[in-house]
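Hi there,

Here is the structure I promised to pass on to you. Have a look at it first, and then read my notes below.

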Amino acid sequence: MSDEQVPAYIARCRVCGGIIMAAVDDDEVDRGALAEDVARAIRDGHSVERVTVGWVRSHADDWCRCGDDATENDTEPAQPMLLAFA
Ligand SMILES: [Zn+2]
């Protein structure tokens with residue numbers, strides 16, 4: 001069983017281009033909340049892209065780090081949103 005092709009949305013950091021938000025867009029998602037998250041990211045000036053869960057997994061090292069200096073050298077930087085893809 002694989003959910004690699006399940007669609008998802010990501011938003012990119014305005015400074016470094018790293019991923020700052022990722023949301024799965026499957027049948028179980030709260031579509032209202034998802035639309036709200038995506039709309040907020042766009043309103044804040046972030047670049048939003050439609051990708052897949054597999055894409056997010058394969059880009060686990062591409063999350064934004066520029067706003068998180070305290071954990072820059074940590075082997076496990078704070079990535080709360082990424083937990084949904086673990
Ligand atoms: Zn950044």
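How many of the 13 residues of H1 are buried? The number is 0, so H1 lies largely in the open. Here a residue is buried if 20 or more other C-beta atoms lie within 10 Å of its own, exposed if 12 or fewer, and partly exposed in between, with C-beta atoms placed from the backbone.

Two notes before you go further. Residues are numbered from 1 along each chain as its sequence is written. This is a predicted model, in which local features need pLDDT of at least 70, side-chain atom pairs count only at pLDDT 80 or more, and totals for chains, interfaces and linings use all residues.

The pLDDT is the predictor's confidence in each residue, from 0 to 100. The protein chain averages 83, and 77% of the residues score at least 70. Please take care with residues 68-80, where pLDDT stays under 50 and the model has 8 contacts beyond four places in sequence. (Two residues are in contact if their C-beta atoms, placed from the backbone, lie within 7 Å.) Where pLDDT is low, the predicted coordinates should not be read in detail.

**The overall plan**

The protein chain has 2 helices and 3 strands, and from the N terminus on its elements run β-β-α-β-α. Helices (H or I, at least four residues) and strands (E, at least two) are DSSP runs, numbered from the N terminus. Of the 86 residues of the chain, 12% count as buried. Residues 24 or more positions apart account for 60% of the contacts with a separation of 6 or more.

**The sheet**

The strands form an open sheet of 3 in the order S2-S1-S3, with antiparallel pairing. S2 and S3 (47-52) stand at the edges with a single partner strand each, so one side of each is left without a neighbour in the sheet. From one strand to the next, the twist averages 25 degrees. Two strands pair if DSSP finds at least two bridges between them.

You can follow the pairing strand by strand. S1 (residues 7-12) and S2 (residues 19-24) are joined antiparallel over 5 bridges, while 6 bridges join S1 to S3. S1 and S2 form a hairpin with 6 residues between them, and Gly-17 in the turn has a positive phi of about 80 degrees.

**Back to H1**

H1 covers residues 31-43. Its 13 residues should span 18 Å at 1.5 Å a residue, and its end C-alpha atoms are 18 Å apart, which agrees. The expected span is 1.5 Å times one less than the number of residues. Just after H1, Gly-45 takes a positive phi of about 90 degrees.

**The core**

Which residues make up the largest nonpolar core? There are 10: Ala-8, Ile-10, Ala-11, Ile-19, Ile-20, Ala-22, Ala-23, Val-53, Val-56 and Trp-63. S1, S2 and H2 each supply at least two residues of this core, and the largest share, 4 residues, comes from S2. A nonpolar core is a set of buried Ala, Val, Leu, Ile, Met, Phe, Trp, Tyr and Cys residues joined through C-beta atoms within 7 Å. In soluble globular proteins, nonpolar side chains tend to be buried together.

Not counting residues up to four places away in sequence, Ile-19 touches Ile-10, Arg-12, His-59, Asp-62, Trp-63 and Cys-64.

**Two exposed residues**

Gln-5 is found in the segment before S1. With 9 C-beta neighbours inside 10 Å, Gln-5 counts as exposed. Leaving out residues up to four places away in sequence, Gln-5 touches Thr-52 and Gly-54. The C-alpha atoms of Gln-5 and Gly-54 are separated by 6.2 Å, although the two are 49 residues apart along the chain.

Gly-67 sits in the segment after helix H2 (53-58). Gly-67 is exposed, with 10 other C-beta atoms within 10 Å. Between the C-alpha atoms of Gly-67 and Val-15, 52 residues apart along the chain, the separation is 9.1 Å.

Enjoy exploring!

Key. Axes fitted to C-alpha atoms, helices over the stretch in contact; angles between N-to-C directions.
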